[in-house]
Amino acid sequence: MQPMSFAAAGPLRGTARVPGDKSISHRALMLAALAVGESRIDGLLEGEDVLATAAAMRAMGAEIVRGADGGWTVAGVGVGGLHQPAGALDMGNSGTSTRLLMGLVASHPITAAFIGDASLSRRPMARVIEPLSRMGADVTASPGGRLPLMVRGLCPAVPIRYTLPVASAQVKSAILLAGLNTPGITEVVEPVPTRDHSERMLAGFGAALTVSTEGKARHIRVTGEAELRPQHIAVPGDPSSAAFPIVAALIVPGSEVRIDNVGLNPTRAGLFEVLRAMGADLEIVDAREVGGEPVGDLIARASPLTGIEVAPELAPSMIDEYPILFVAAALAQGRTVMRGLEELRVKESDRIATMAAGLAAIGARVEELPDGLIVEGSGGDPLPGGATVAAQLDHRIAMSFAVAGLAARAPVTIDDMTPVATSFPGFAAMIGALRG
């Protein structure tokens with residue numbers, strides 16, 4: 001346990017960078033490990049979740065080395081070349097690692113056991129097990145479709161056409177990754193678009209992939225038995241991590257913070273759209289494209305926010321950012337209604353219940369809904385604070401309440417900041433630097 005308190009101490013000012021995008025980092029390691037030749041990755045997020053992916057790919061035969069300059073090189077084994085791991089693959093707290101790697105294993109002639117920490121072992125995997133089983137993988141899971149579980153891959157696997165019953169980039173990606181070593185065409189139909197990092201990166205590595213819109217649905221098709229080409233990947237800053245200093249700057253009076261090199265993929269930018277609708281002074285400068293991903297620098301200035309009703313359709317583009325949006329809403333003028341968030345119940349924690357309890361403990365007015373939260377804002381007045389919040393081993397919960405403490409009358413203590421290392425190891429140091 002690593003308890004830590006955060007308190008108001010004047011404006012936040014300065015320039016910062018956030019860690020590399022977690023979603024892109026995972027996928028870069030996996031696809032580089034499946035390429036024929038040596039890839040280089042700059043800006044890789046070196047948090048525990050991504051390091052779990054790196055360890056798993058090493059266990060399945062890839063050579064992955066961090067250079068003295070901070071760049072990573074990956075010597076791939078080629079599609080179809082994954083080795084039988086000698087032991088269980090420890091996923092730590094990473095749901096992304098687990099679900100995507102299950103897809104990789106599903107179409108290779110190997111067997112892999114997946115284990116994780118207590119938090120990950122509570123998260124459901126059935127949504128991935130179902131389509132991978134249709135492709136021929138044999139999955140033996142713990143009760144409730146949870147970890148520990150074992151995947152016995154089938155080679156050749158069976159190509160499928162699968163319509164996602166729930167919007168999930170992880171499920172989509174798992175199927176597409178399985179499709180890489182499957183003869184024929186594997187197709188995923190998305191009734192609701194989700195983050196598209198997998199599609200962008202698969203195309204960049206040379207996979208035969210097409211994306212089309214038919215009616216309102218996206219159809220993603222990948223041709224199997226692919227040969228991937230090594231790449232040089234520059235990972236942009238993670239917008240989910242940038243959300244924390246941005247909201248901190250918006251709610252702490254007198255603040256102005258610049259975050260450089262942030263990924264601005266439109267399938268991930270829902271939070272920025274919502275904050276602007278609430279009145280945020282949030283500026284994008286030097287918009288550019290790096291490695292097929294839109295990137296820019298963000299400047300956030302303290303702003304009076306107004307509560308709004310957030311469209312449920314935005315949820316897939318900002319699902320990980322809702323905890324910090326709840327905090328922004330708690331400082332806004334009026335009521336913010338956020339619905340369509342059932343997915344938050346099965347993240348690292350039940351993020352709806354955990355955030356509702358923590359916000360109430362520090363003096364915010366909240367109403368928990370089955371699929372979301374209603375927050376009555378303070379009108380910009382500091383929250384009372386003065387409480388210890390249980391983060392439930394959830395990195396985004398911990399960082400959200402750390403930000404809340406910066407706009408509270410009395411310090412807010414988070415019971416354990418250790419999980420923050422999964423995605424943002426330098427979070428506390430960054431906040432300290434911005435406070436001068």
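1. Strands and helices here are DSSP runs numbered from the N terminus, with strands (E) of at least two residues and helices (H or I) of at least four. Two strands pair if DSSP finds at least two bridges between them.

2. This is a predicted model: local features need pLDDT of at least 70, side-chain atom pairs count only at pLDDT 80 or more, and totals for chains, interfaces and linings use all residues. Residues are numbered from 1 along each chain as its sequence is written, and side-chain values use heavy atoms, with hydrogens and water left out.

3. The hairpin. S8 and S9 form it, with 3 residues between them. Gly144 sits in the turn and has a positive phi of about 85°. S8 covers residues 138-142 and S9 covers 146-152; they pair in the antiparallel sense over 5 bridges. Ala141 has Leu149 of S9 as its bridge partner. Ser142 stands opposite Arg146.

4. The sheet. It is open, has 4 strands and mixed pairing, and runs S6-S7-S9-S8. S6 (89-90) and S8 are the edge strands, each with a single partner strand, so one side of each lacks a neighbour in the sheet.

5. The nonpolar cores. A core is a set of buried (under 20% relative accessible area, 1.4 Å probe, protein chains only) Ala, Val, Leu, Ile, Met, Phe, Trp, Tyr and Cys residues joined through side-chain atoms within 4.5 Å. The largest has 78 residues, and Tyr322, Leu325 and Phe427 have the most contacts inside it. Helix H7 (residues 239-251) gives the most to this core, with 9 residues. A second, separate core of 67 residues includes Ala35, Leu82, Ile175 and Leu176.

6. Phe427. Contact means heavy atoms within 4.5 Å. Leaving aside neighbours within four places in sequence, Phe427 touches Phe6, Phe244, Met399, Ala402, Val403, Met417 and Val420.

Notes:
Buried < 20%, exposed > 50% of the residue type's maximum accessible area, 1.4 Å probe, protein only.
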